[in-house]
Amino acid sequence: MAKFLIIRFSSIGDIVLTTPVVRCLRKKFPDAQIHYLTKQSFASIVLTNPYINKVHVFKNDLDAIIEELKTENFNYIIDLHHNLRTLRIKHALKKIKSFSFDKLNIQKWVFVNFKLNIMPHEHIVDRYMKTVKTLGVINDGLGLDFFIHDKDIVAQKDIPVSHLHGYIGIAIGAAHNTKKLPVNKLKELCTKINHPIILIGGKEDYKNALEIAAADPIKIYNACGKYNLNESADLVRRAKLIISHDTGLMHIAAAFKKDIISVWGNTVPSFGMYPYQTSYTLFEVKKLWCRPCSKIGYDKCPLGHFKCMEKISIEGIVNQVNLLLRK
């Protein structure tokens, strides 16, 4: 019986984007043992995945996790992170055949530094799938997965009565500030949307969400920091549609086949991480000479003007919201 180790340490969105590999690997090898290695802070994303037999948790002690993995006697390693840590793991388990994801770092560097787009016109999920192609694993076309345990279903009583008949979910956060609409733009957006809204995000988003929700405390419910990741995912699942930056909750929304309004700042969809196999509309400032300025993001705009977000059309987003609601 084959035994596989899939590695993806972080982050939320990247791990969700690996789920088609897990599912399709299970379909190809129904009796195999499939293990998944990730960081402790992201383990909850894969612990509920029925296609995974065991989750190994990395707690910043690489030697300890290597010793743990040595006892498992894997046949194959599928490295979907491909960094120095995963190289050390593969070297330590050197007798095990491994397959590594091509991160296209050179192409991204060229795009960021010379604004020359030589990235393939291909979603990152399809590039992940290429990693296991030689194993005979093919994409089943079913999109992303996200599984929520019953204990993480948000109780009806915890949702305002005004929102029980439907709401728009707005994921206000992102890993870096240059991937987020400024608070004043988010306030304008929420004010102009004539529909119940739930602000979704982590504890780090709570302060901004308070300011945004103050514009209309009845229409806008601040759920940021009140729920764990899987509970927030349940709020995404139940929303009529999702407005999100380039962030993990956007990919969770794609897993639930939500209509998504996807807002992009310093990063670009051409990196291959736009919503996968769901209906979506992109909002970005095109033909901006300084964009993309990073493959990840910054705490603030390196040039000080932040045109990639300041010039996003709030009216355009509101019009798209109204169109989707009528649909």
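Modeller: Contact here means that heavy atoms lie within 4.5 Å. This is a predicted model, in which local features need pLDDT of at least 70 and side-chain atom pairs count only at pLDDT 80 or more, whereas totals for chains, interfaces and linings use all residues. Residues are numbered from 1 along each chain as its sequence is written, and side-chain values use heavy atoms, with hydrogens and water left out.

Colleague: Against which elements do the buried residues of α10 pack?

Modeller: Helix α10 covers residues 229–238, where helices (H or I, at least four residues) and strands (E, at least two) are DSSP runs numbered from the N terminus. Seven of the 10 residues of α10 are buried, which leaves this helix mostly covered. The set runs through Asn230, Glu231, Ser232, Ala233, Asp234, Leu235 and Val236. The elements that these buried residues pack against are α3 (43–47), β7 (197–200), β9 (241–245) and α11 (248–255).

Colleague: With which residues is Asn230 in contact, leaving aside its neighbours within four places in sequence?

Modeller: Once the neighbours within four places in sequence are set aside, the residues in contact with Asn230 are Ser44, Phe146, Ile148 and Asp152.

Colleague: At what angle do α8 and α9 pack?

Modeller: Helix α8 spans residues 183–192 and helix α9 spans residues 206–213, and their axes (lines fitted to C-alpha atoms, for helices over the stretch in contact, with angles from 0 to 180 degrees between N-to-C directions) are 9 Å apart. On the α8 side the meeting residues are Val183, Leu186, Lys187 and Cys190, while α9 brings Asn208, Glu211 and Ile212. The packing angle of α8 and α9 is about 40 degrees.

Colleague: Which residues of α8 and α13 make their contact?

Modeller: Helix α13 runs over residues 314–326, and its axis comes within 10 Å of that of α8, the two crossing at roughly 35 degrees. From α8 the contact takes Lys185, Glu188, Leu189 and Lys192, and from α13 it takes Ile314, Glu315, Ile317 and Val318.

Colleague: Is Asn73 buried or exposed?

Modeller: Asn73 sits in the loop between α4 (62–70) and β4 (76–79), and its phi is positive, about 55 degrees, although Asn73 is not a glycine. With a relative accessibility of 58%, Asn73 counts as exposed.

Colleague: What is the relative accessible area of Lys115?

Modeller: Lys115 has a phi near 55 degrees, a positive value in a residue other than glycine. The loop between α6 (105–114) and α7 (124–131) is the place of Lys115. Lys115 is partly exposed, and its relative accessible area is 33%.

Notes. Buried < 20%, exposed > 50% of the residue type's maximum accessible area, 1.4 Å probe, protein only.
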